[in-house]
Amino acid sequence: RAGELRPFATCQADLRVLGGPDKAVYAYPSEHLAPWSAELGELGDHAPFGENLSTSGVTEQQVSVGDRWRWDDAILQVCQPRWPCFKLALHRRRADIQQLFRQSGRVGWYLRVLHPGAVSTGSDISVSERDAAGLTVADAHRAMGDRRLEDRTLVEALAAHDRLADEWRLPLVERLARR
């Protein structure tokens, strides 16, 4: 169903570099799996990009930084896109996967936990509150890649957005201060 969010798998492979307040849950749209499969070949059955949660019906263009999601008893908040580290290259056995992710914009997003709670695979997830700023994950991804400040207004809006994780927001603030 359009706009439906469905959990697929939950796990974190390496707690030394994953997790933390702004990387508690990594969500990835199932809509991206077919294009990746065509480009990369067989992806495998579960969590081909290390995602904790696979969604259906929403992509980076519809999900906004600051959106709140309810998953059973838990409340989550979208806080940043993902730019994968070298571990995805090792997992996928592709040295170019990080670059391909960034170029494609099919990056997924991280959520922070605002209210912990018991959750179960297969239960529905709903958007309980849309962020008023309406700055999407795709916008944040585009702003981070905008090294020349070609869309300064977008970079300024995201740099000022207090729900964007500091890992993403502070580099934008610094970039604006230099120019």
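Two strands count as paired here if DSSP finds at least two bridges between them. With that in hand, let's look at some close-ups of this predicted model.

**View 1. Six strands make up an open sheet.** The strands follow the order S2-S1-S5-S4-S3-S6, and their pairing is mixed. Strand S2 (53-55) and strand S6 (125-129) stand at the edges with a single partner strand each, so one side of each has no neighbour in the sheet. On average, neighbouring strands of this sheet are turned by 40° against each other, direction ignored.

**View 2. Strand S4 pairs with strand S5 in the antiparallel sense.** Six bridges link S4 and S5. Look for Val 78, which stands opposite Leu 111 in S5. S4 is mostly covered, with eight of its eight residues buried.

**View 3. Strands S3 and S4 form a hairpin.** S3 (residues 68-71) and S4 (residues 74-81) are antiparallel partners over four bridges. Here Trp 69 faces Leu 76 in S4 as its opposite residue, and Arg 70 stands opposite Ile 75 in S4. Two residues lie between the strands, and Asp 72 in this hairpin takes a positive phi near 50°.

**View 4. Helix H4 is largely enclosed by the rest of the structure.** This helix spans residues 137-145, and seven of its nine residues are buried. Among them are Val 137, Asp 139, His 141 and Met 144. What do the buried residues of H4 pack against? They pack against S4, helix H3 (97-104), strand S5 (109-115), helix H5 (152-159) and helix H6 (166-178).

Definitions and conventions. Residues are numbered from 1 along each chain as its sequence is written. This is a predicted model: local features need pLDDT of at least 70, side-chain atom pairs count only at pLDDT 80 or more; totals for chains, interfaces and linings use all residues. Side-chain values use heavy atoms; hydrogens and water are left out. Axes are lines fitted to C-alpha atoms, for helices over the stretch in contact, and angles run from 0 to 180 degrees between N-to-C directions. Buried means under 20% relative accessible area, exposed over 50%, partly exposed in between (1.4 Å probe, protein chains only). Contact means heavy atoms within 4.5 Å.
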